[in-house]
Amino acid sequence: MAHVDTDTAHTAPATVGAKENRVIWLLLAAAFVAILNETTMGVAIPHLIGDLGITAVDAQWLTTAFMLTMAVVIPTTGFLLNRFSTRAMFATAMGLFSAGTFVALVAPGYEVLLVARVIQASGTAIMMPLLMTTLMTVVPAHLRGRMMGRVSIVMSLAPAIGPTMAGVILDTLSWRWIFAIVLPIALIALVVGVRWIPNIGERTHAPLDVVSVILSAFGFGGLVFGLSQIGGAGHGGATAAGATTTLVVSLAVGVVALALFIWRQISLQKVDDALLDLRIFRSRNFSLSVAHFAVMSLAFFGTITALPLYLQGTLGLSATESGLVVLPGAVAMGLLGPVIGRIYDRWGTTVLLVPGTIVVLAILWSFTLLTETTPVWLLVVTQTVLSVGLAMSFTPLFTASLGSLQPKYYSYGSATVSTVQQVAGAAGIALLITVMSSVSAGATAPGASAAASGAAGARAAFLLAAIIATPLLVSAVLIRKPADSIGEGARAAH
């Protein structure tokens with residue numbers, strides 16, 4: 001049974017002091033760099049194929065392995081953040097990320113680079129749950145919205161800037177500079193963090209359940225890997241048959257292992273020994289927020305991946321130009337995060353989440369009208385408006401979900417939110433890209449131009465995203481600011 005060190009418990013003060021602010025900004029910077037790095041490899045794949053003499057499938061594993069590692073490690077972070085000190089977890093996260101970045105920088109070949117990406121991902125997986133758990137612990141409830149607004153900067157700005165940054169670097173320098181630029185920033189964050197980060201929250205001495213770790217790895221890893229195979233299964237030929245088999249087997253293993261993982265956590269949480277305590281889902285507000293966030297993440301990651309493909313394949317823009325199209329939206333999300341957080345603190349979720357959801361849906365439905373002659377300026381405007389709608393949604397969802405839990409469950413809630421983002425993001429990318437490529441290939445057969453076929457594929461992909469996201473109008477009305485949930489945070493997990 002888990003043992004708690006009550007002398008290390010920490011209660012959030014009435015305000016955020018200079019020391020706490022400094023820690024939050026350091027964690028934000030570290031998380032930004034880690035997530036920024038996550039999204040750079042996709043653009044670099046053509047360069048890596050030529051420089052390393054590898055196949056496209058090999059190169060894609062540099063992204064797939066990263067996602068798989070994240071999916072395997074993140075579910076364990078709830079346990080790790082409760083078991084080990086804040087400073088130790090930060091040092092581990094940034095140490096792994098820095099080591100992986102260095103190995104990638106000097107990698108002599110593909111195999112070493114692949115190992116480097118796995119090491120990087122192990123550190124990145126710890127960073128976001130650590131950031132959110134720390135923030136929820138040191139920031140009082142009435143200020144959490146504006147602080148979570150800063151988190152939304154990281155969650156939205158970094159994935160959007162990553163491909164743009166990589167495109168600019170690759171147009172002028174080699175792919176190694178992607179890691180060369182990130183490494184010194186990571187090392188500075190590591191050194192400063194080890195000196196500044198205090199130990200906060202409760203520590204437990206719960207034993208690590210190895211069976212849960214294995215089931216979690218096969219469950220979440222199987223789902224993410226299976227989703228990554230959807231694209232290959234959508235094409236004809238013997239290769240597609242093999243990808244289809246892999247897809248079915250991976251998803252089946254993932255579903256079965258995940259079911260067993262859930263069953264085991266329900267058993268272990270009775271004695272407080274669960275790897276991921278699922279009593280967090282007894283909070284209706286948390287469950288609704290996480291479900292809403294999952295669908296938003298699916299639409300967001302699918303869109304920011306499909307839109308550049310449409311811009312390059314149909315409208316003929318370069319990788320750098322397509323990155324610049326989505327950049328204003330990313331900047332808008334970043335700038336609006338703290339402002340939206342202040343609105344949340346003052347007015348709650350409904351005033352943000354309902355209009356934000358309507359805006360996201362309106363833009364997704366408008367994307368179903370894309371053609372091969374859609375003006376680029378119009379796409380810049382619509383993508384920016386979409387980003388504003390997402391910004392109005394993400395901050396309330398982060399704050400309302402975790403704020404619905406008791407402090408001792410913050411780490412499990414943070415791990416769950418991060419896991420949902422990873423799995424939903426993988427699903428969104430796989431589904432939209434598969435639909436986009438399949439419809440484009442089908443439209444080419446009757447003799448349509450490549451641009452017209454690409455536009456047809458884009459319309460189909462965004463139609464799917466719009467249909468999936470439409471039910472969010474219901475949950476947007478139901479989700480409440482925790483203070484308005486009539487003590488639900490006190491009831492969660494009892």
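User: In this predicted model, are helix 14 and helix 17 roughly parallel or antiparallel to each other?

Analyst: The axes of helix 14 (residues 350-367) and helix 17 (residues 450-469) come within 7 Å and cross at roughly 155 degrees. Angles over 145 degrees count as roughly antiparallel, and the two helices are therefore roughly antiparallel to each other.

User: Which residues of helix 14 make the contact with helix 17, and how many residues of the contact are charged?

Analyst: Helix 14 passes helix 17 in a left-handed crossing. On the side of helix 14 the contact is made by Leu361, Leu364, Trp365 and Phe367, and on the side of helix 17 by Arg459, Phe462, Leu463, Ala465, Ala466, Ile467 and Ala469. These residues divide into 10 nonpolar, no polar and one charged.

User: Which residues have the most contacts inside the largest nonpolar core, and what does methionine 128 touch?

Analyst: The largest nonpolar core has 145 residues, and those with the most contacts inside it are Phe90, Met94, Met128, Val151 and Tyr310. Leaving out residues up to four places away in sequence, methionine 128 touches Ala31, Ile35, Val151, Val154, Met155 and Ser418.

User: Is serine 387 buried or exposed, and which residues is it in contact with beyond its sequence neighbours?

Analyst: Serine 387 has its place in helix 15 (residues 376-403). Its relative accessible area is 2%, and since buried means under 20%, serine 387 is buried. Leaving aside neighbours within four places in sequence, serine 387 is in contact with Gly329, Ala330 and Met333.

User: Where is leucine 315 found, what does it touch, and how many Å apart in space are leucine 315 and alanine 455?

Analyst: Leucine 315 is found in the loop between helix 12 (284-313) and helix 13 (319-347). Not counting residues up to four places away in sequence, leucine 315 touches Tyr310, Thr371, Glu372, Thr374, Val376 and Leu379. Leucine 315 and alanine 455 are 140 residues apart in sequence, while from C-alpha to C-alpha their separation in space is 8.8 Å.

User: What is the phi of aspartate 272, and is aspartate 272 buried or partly exposed?

Analyst: Aspartate 272 is found in the loop between helix 11 (238-268) and helix 12. Most residues other than glycine have a negative phi, whereas aspartate 272, although not a glycine, has a positive phi of about 60 degrees. With a relative accessible area of 31%, aspartate 272 is partly exposed.

Methods
Residues numbered from 1 in each chain as written. Predicted model: local features only at pLDDT ≥ 70, side-chain atom pairs only at ≥ 80, totals over all residues. Heavy atoms only, no water. Axes fitted to C-alpha atoms, helices over the stretch in contact; angles between N-to-C directions. Helix = DSSP H or I, 4+ residues; strand = E, 2+ residues; numbered from the N terminus. Parallel < 35°, antiparallel > 145°, perpendicular 65-115°, else oblique. Left-handed = near helix turned anticlockwise from the far one by under 90°. Contact = heavy atoms within 4.5 Å. Nonpolar A, V, L, I, M, F, W, Y, C, P; charged D, E, K, R; others polar. Core = buried A, V, L, I, M, F, W, Y, C linked by side-chain atoms within 4.5 Å. Buried < 20%, exposed > 50% of the residue type's maximum accessible area, 1.4 Å probe, protein only.
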